[in-house]
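Reader: Hi! I'm new to looking at protein structures. Could you walk me through this one?
Author: Happy to. Let's bring it up and take your questions one at a time.

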Amino acid sequence: MTSGRIIAVETSCDETAVAVVQEGRRIVANVVASQVALHAATGGIVPEVAARAHLRWMIPVLEEAERRSGISDWSDVEAVAVTEGPGLAGSLLVGITMAKTLAYVHGLPLVPVNHLEGHIYAAWLLDHDDPDRPAPEFPVVALVVSGGHTFLVEMTDHLTYRLLGQTVDDAAGEAFDKVGRLLGLPYPGGPAIMRAAAAAQRRDRQFPRAWLGETFDFSFSGLKTAARRAIEAEAGASVDGSSNGEGPGVRPGTRAETAENSDGLPEPVVAELAYAFQESVVDVLATKTGLAAERCAARTIILGGGVAANTVLRDRIAARAAALGIPLVVPRPALCTDNAAMIGAAGFFRTRAGTRAPRDLDARPSLKLAV
Ligand code: KG4
Ligand code: ZN
């Protein structure tokens, strides 16, 4: 059967997802059960809680994808694609077991997909408002920025990756989440920081940028420390300020009139710090991506991963791409965060390239995309 119709399963982290994708591009069904609310209570993901939630939602999500795609007799499904890694072992195992079972029962090939290539292949997916968009042209330079990964790769063809640079410490999303927590913002920190930053009145505070020389590597731990120190200094200032009403660090007109966040920082200060932090991350990511695209004579820039949902980052990289006269392809936010449609897109090209999972396919929590 060469229908081009792939069913895909993704459970690498905290979204239970099943999708049906046609020819690697058209989304027939895309069902995602998010655990964000569950993990918000603990301020982060507890692996065993995530794995059990996948177990709870796997079948309902599959049934919903079957219903929406109308594939109930499975006669026109070409292959089952599944995320084999990287990710949380217990989470991955649930999706892999589901996909193995489907492939076995329906006599279909099982095709393993790297979660990170999924984030890149989200750029191949078509949207309702853009149904005729041409496929990205190679060479592609792709920036993947998620909660667990931050790297730049060059693709000269399908499924061919050359690593240009990667984070030497925290992932960009991880930095957003940690600083969000320090600022007393809700989990996940990325969207919360973006919202807070948009309201910033003062925009002149500077946080450090780690350029790491001429490399395409990234580092966010120094920035995180700088943000923590600034937050602590402000928290101290606002405690001082509340004792006499006008202590050092208290800006006239902020404390008295404005709400405070859960940690007692005035909202304008939270906004100002969120803005400075986001600017530092975005500046480094956009500058390095632009330079990499220039160096590789890229014909397309792709941006993927959860942090690509950040509109400031999208706009900044779009400006870089425009300056180079090449398109930037960024999936809509729901396709930037974890989903199975992106695994179906990559899975289609893997299916056609002949990639097949061994019968004893296991989770690969530390799987790399390229070295
Ligand atoms: O790709 P993803 O859904 O999961 C992983 O594979 O990690 O990425 C999740 C990450 C989280 O760190 C979250 O804070 C971040 O993406 N994120 C954002 C935004 N939306 C999600 N970061 C910055 N701005 C956003 N709007
Ligand atoms: Zn991801």
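Reader: How far apart do the C-alpha centres of domain 1 and domain 2 lie?
Author: They lie 25 Å apart. Domain 1 covers 5-127 + 333-352 and domain 2 covers 140-220 + 268-329, with bounds that come from an automatic or database domain assignment.

Reader: Before we go on, what kind of model is this?
Author: This is a predicted model, where local features need pLDDT of at least 70, side-chain atom pairs count only at pLDDT 80 or more, and totals for chains, interfaces and linings use all residues. Residues are numbered from 1 along each chain as its sequence is written, chains are lettered from A and ligands numbered from 1 in the order in which they are written, and side-chain values use heavy atoms, with hydrogens and water left out.

Reader: Thanks! How many residues of each domain are in contact?
Author: 20 residues of domain 1 are in contact with 21 residues of domain 2, where contact means heavy atoms within 4.5 Å.

Reader: And how much area do the two domains bury between them?
Author: About 1,700 Å², with 74% of it on carbon and sulfur atoms. Buried area is the accessible area (1.4 Å probe) that two parts lose on being put together, summed over both. On the domain 1 side, Leu-116, Ile-120 and Cys-336 supply 30% of the area buried against domain 2, more than any other three residues.

Reader: How many salt bridges cross that interface?
Author: The rule finds zero there. A salt bridge here is a side-chain nitrogen of Lys or Arg within 4 Å of a carboxyl oxygen of Asp or Glu. The rule does find four residue pairs in polar contact across the interface, both residues at pLDDT 80 or more. A polar contact is a pair of N or O atoms within 3.5 Å; within protein, one must be able to donate a hydrogen and the other to accept it, and residues adjacent in sequence count only if both atoms are side-chain atoms.

Reader: Switching topic: which residues are closest to ligand 1?
Author: Gly-147, Asp-177, Gly-190, Gly-306 and Asn-310 are the closest of the 19 residues that surround ligand 1, each counted if one of its heavy atoms lies within 4 Å.

Reader: What does the side chain of Asn-310 do there?
Author: An N or O atom in the Asn-310 side chain is 3.0 Å from a nitrogen atom of ligand 1. His-119 has a polar side-chain atom 3.2 Å from an oxygen atom of the ligand. For Asp-338, a backbone N or O atom is 3.2 Å from an oxygen atom of ligand 1.

Reader: Back to salt bridges, how many does the rule count?
Author: The count comes to 20. In one of them, the side chains of Asp-76 and Arg-5 meet at 3.8 Å, N to O. Asp-76 lies in the loop between helix H2 (47-69) and strand E4 (79-85) and Arg-5 in strand E1 (residues 5-10), so the pair ties together parts that are 71 residues apart in sequence. Helices (H or I, at least four residues) and strands (E, at least two) are DSSP runs, numbered from the N terminus.

Reader: Last one: which peptide bonds are cis?
Author: Gly-85 to Pro-86 is cis, with omega near -10°, and so is Tyr-187 to Pro-188, with omega near -5°.
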